[in-house]
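Here are some worked exercises on helix packing and aromatic pairs. Have a look at the structure, try each task, and then follow the solution step by step.

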Amino acid sequence: TVARKGKLSQNVLFLAWLYVDDIFSKQDVSKPGMNLAAICCLFLAAKYLELKDRIPLIEDLQEFEKEKWNVEDIKKCELSLLSVVHFQLKSMTSYDFAYAFLAAHFSNYGLFSAEDPNFKGALEKVTKNIEAALQDYTMHNYKFSQIAAAAILCYRKEISEKVLWPESLVSITSYAADSIEKIGT
């Protein structure tokens, strides 16, 4: 994907996905304009989250797409997308919720460190579960926090945890296992 080739953070991809979903649900986008709109959503997400030196240049984004747009097309599209959402861009994604839920859960056991290999491994697997879930359009019926919680539950099943959904996760996420199990990430 453009985000991976451009070495953007994982959260930029999730935030761009959120913007695409939000904007496309509020405005019909013609098929030829979808790629440009998606690229602009990625650009907006990168501007919102990345450090200044990591924000891709328009030329960088163009190199990953077959279609070439001029700078004015991209600026017009970006402004149009912002007006659709009344300049109210959301910033919490499933990834953010997963990170927060896992960090709180690991902290309950005095184990949290963002650099801890166990935490990083769990977050990586949960992130893959979220990515898979977001490929299914029916997932758009759920809150990002529900998708994150379901991805964690799925991960805990994958590693055969004895207690799939302990009280600490119920407390942290506010979801009982049976309420997220049906999400099926």
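**Exercise 1.** Find which residues of α2 meet which residues of α7, and describe how the two helices pack.

Step 1. Gln 10, Leu 13, Phe 14 and Trp 17 of α2 meet Thr 127, Ile 130, Glu 131 and Leu 134 of α7, where contact means heavy atoms within 4.5 Å. Helices here are DSSP runs (H or I, at least four residues), numbered from the N terminus.

Step 2. Sort these residues by class: the contact of α2 with α7 has five nonpolar, two polar and one charged residues. Ala, Val, Leu, Ile, Met, Phe, Trp, Tyr, Cys and Pro count as nonpolar, Asp, Glu, Lys and Arg as charged, and the others, Gly among them, as polar.

A word on the model: it is predicted, so local features need pLDDT of at least 70, side-chain atom pairs count only at pLDDT 80 or more, and totals for chains, interfaces and linings use all residues. Residues are numbered from 1 along each chain as its sequence is written, and side-chain values use heavy atoms, leaving out hydrogens and water.

Step 3. Now the geometry: the axes of α2 (residues 10-26) and α7 (residues 117-134) come within 12 Å and cross at roughly 25 degrees. Axes are lines fitted to C-alpha atoms, for helices over the stretch in contact, with angles from 0 to 180 degrees between N-to-C directions. This makes α2 roughly parallel to α7, because angles under 35 degrees count as roughly parallel, over 145 as roughly antiparallel, 65 to 115 as roughly perpendicular and the rest as oblique.

**Exercise 2.** Work out how α6 and α8 are oriented to each other.

Step 1. The axes of α6 (residues 94-108) and α8 come within 8 Å and cross at roughly 55 degrees.

Step 2. α6 and α8 are therefore oblique to each other.

Step 3. In this contact, nine residues are nonpolar, three polar and one charged.

**Exercise 3.** How many aromatic pairs does a search of the whole structure find?

Step 1. The search finds four; rings of Phe, Tyr and Trp (its six-membered ring) pair if their centres lie within 6.5 Å, and planes under 30 degrees apart count as stacked, over 60 as edge-to-face and the rest as tilted.

Step 2. One of them is the stacked pair of Phe 14 and Tyr 95, with 5.8 Å centre to centre and 15 degrees between the planes.

Step 3. Phe 14 in α2 and Tyr 95 in α6 are 81 residues apart.

Step 4. Phe 14 counts as buried at 5% relative accessibility (buried means under 20% relative accessible area, exposed over 50%, partly exposed in between; 1.4 Å probe, protein chains only).
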